[in-house]
Amino acid sequence: MGEEKYANIKLTKKQIKDSKFVKLIFNKEENKYRNYYEYKINEINIANNWNPTNGTNEMGGFNFSVEEKVIRWLLRGDTLFDVIILEGVDVYDCWNKSTPHGVFRSNKILLKKPRIIDDELAMELYLNSDIPDISFFPVLAVCAHRGFMKTAMKIYKEKVNKDTKELAIKEFKDFFSYDGNEFNLDKLNENARIIYNLLLSK
């Protein structure tokens with residue numbers, strides 16, 4: 001399908017069977033703090049809202065990804081789960097400009113096999129990833145912020161160059177400018193500051 005825009009596409013049974021779906025969520029306490037949906041583990045989660053014929057923003061359901069794309073959504077959680085799709089349940093491939101074919105949605109999912117994201121797992125996800133190069137820059141910021149410095153340095157060395165430096169800096173600053181706040185260097189932790197200074201000196 002390339003990277004051109006496409007409509008939300010219903011997957012075939014074979015495509016569902018052949019896909020390795022995963023989802024990132026925060027731990028229960030963090031989810032509660034952020035007022036996020038509280039997922040059940042090893043039980044079926046059923047969405048209250050599901051209108052797959054609507055556009056992506058109105059269709060409801062649960063978002064998830066695949067192993068080779070999920071690193072783009074590292075900011076969405078600290079724990080990685082396998083997503084099991086039950087027989088007869090529909091899955092849609094949803095348009096996403098930054099990560100084509102990396103956002104899927106369904107109204108019924110089963111979450112299993114939780115794995116806490118650490119530097120080692122983040123590196124594994126990075127090495128197996130297949131997303132546009134520009135989509136790694138927010139990931140760089142997340143890794144630095146969480147102290148995944150081996151992964152952050154790997155991304156920095158392989159994805160940041162003179163041509164991409166300015167975009168990398170912009171995405172980095174955007175990540176740390178949440179809730180309408182302006183970017184403030186003094187609020188960066190030590191690891192984030194190291195990466196930011198490397199970006200400036202590239």
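The legends below describe close-up views of one predicted model. Residues are numbered from 1 along each chain as its sequence is written, and side-chain values use heavy atoms, with hydrogens and water left out. Because the model is predicted, local features need pLDDT of at least 70 and side-chain atom pairs count only at pLDDT 80 or more, whereas totals for chains, interfaces and linings use all residues.

View 1. Strands (E, at least two residues) and helices (H or I, at least four) are DSSP runs numbered from the N terminus. Two strands pair if DSSP finds at least two bridges between them.

**View 2. Strand 4 and its two partners.** Strand 2 (21–25) and strand 4 (62–66) run antiparallel and are joined by 2 bridges; Val22 has Ser65 in strand 4 as its bridge partner. Strand 4 also pairs with strand 7 (residues 104–106), in the antiparallel sense over 3 bridges, and here Asn63 stands opposite Arg105. Strand 4 is largely enclosed by the rest of the structure because 4 of its 5 residues are buried. Buried means under 20% relative accessible area, exposed over 50%, and partly exposed in between (1.4 Å probe, protein chains only).

View 3. Strand 2 and strand 5 pair in the antiparallel sense over 4 bridges, with Phe81 in strand 5 as the bridge partner of Lys23. Strand 5 (residues 79–84) is in turn paired with strand 8 over 5 bridges, again antiparallel. Asp82 has Lys112 in strand 8 as its bridge partner. Strand 8 (residues 108–116) is joined by 3 bridges to strand 3 (residues 44–46), and the two run antiparallel; Ile46 stands opposite Lys108.

**View 4. The largest pocket.** About 680 Å³ of space lies in the largest pocket. Its lining has 28 residues, of which Lys23, Tyr39, Phe62, Asn63 and Arg76 lie nearest the centre. Strand 2 and strand 4 each supply at least two residues of this lining. By class, the lining residues divide into 15 nonpolar, 10 polar and 3 charged. Ala, Val, Leu, Ile, Met, Phe, Trp, Tyr, Cys and Pro count as nonpolar, Asp, Glu, Lys and Arg as charged, and the others, Gly among them, as polar. On a 1 Å grid over the protein atoms alone, a pocket is an open set of points where a 1.4 Å probe fits, with protein on both sides within 12 Å along at least five of seven lines; lining residues have an atom within 4 Å of a point. Grid points are joined across faces, edges and corners, and the volume is the space filled by probe spheres set on the points.

**View 5. Asn42 in its loop.** Asn42 lies in the loop between helix 2 (28–33) and strand 3. With 52% relative accessibility, Asn42 counts as exposed. Not counting residues up to four places away in sequence, Asn42 touches Leu110, Leu111 and Lys112 (contact: heavy atoms within 4.5 Å). The C-alpha atoms of Asn42 and Arg105, 63 residues apart along the chain, are separated by 18 Å.

**View 6. Two buried cysteines.** Cys94 counts as buried at 0% relative accessibility, and Cys143 is buried with a relative accessible area of 0%. The count of disulfides comes to 0, a disulfide being a pair of cysteine sulfur atoms within 2.5 Å.
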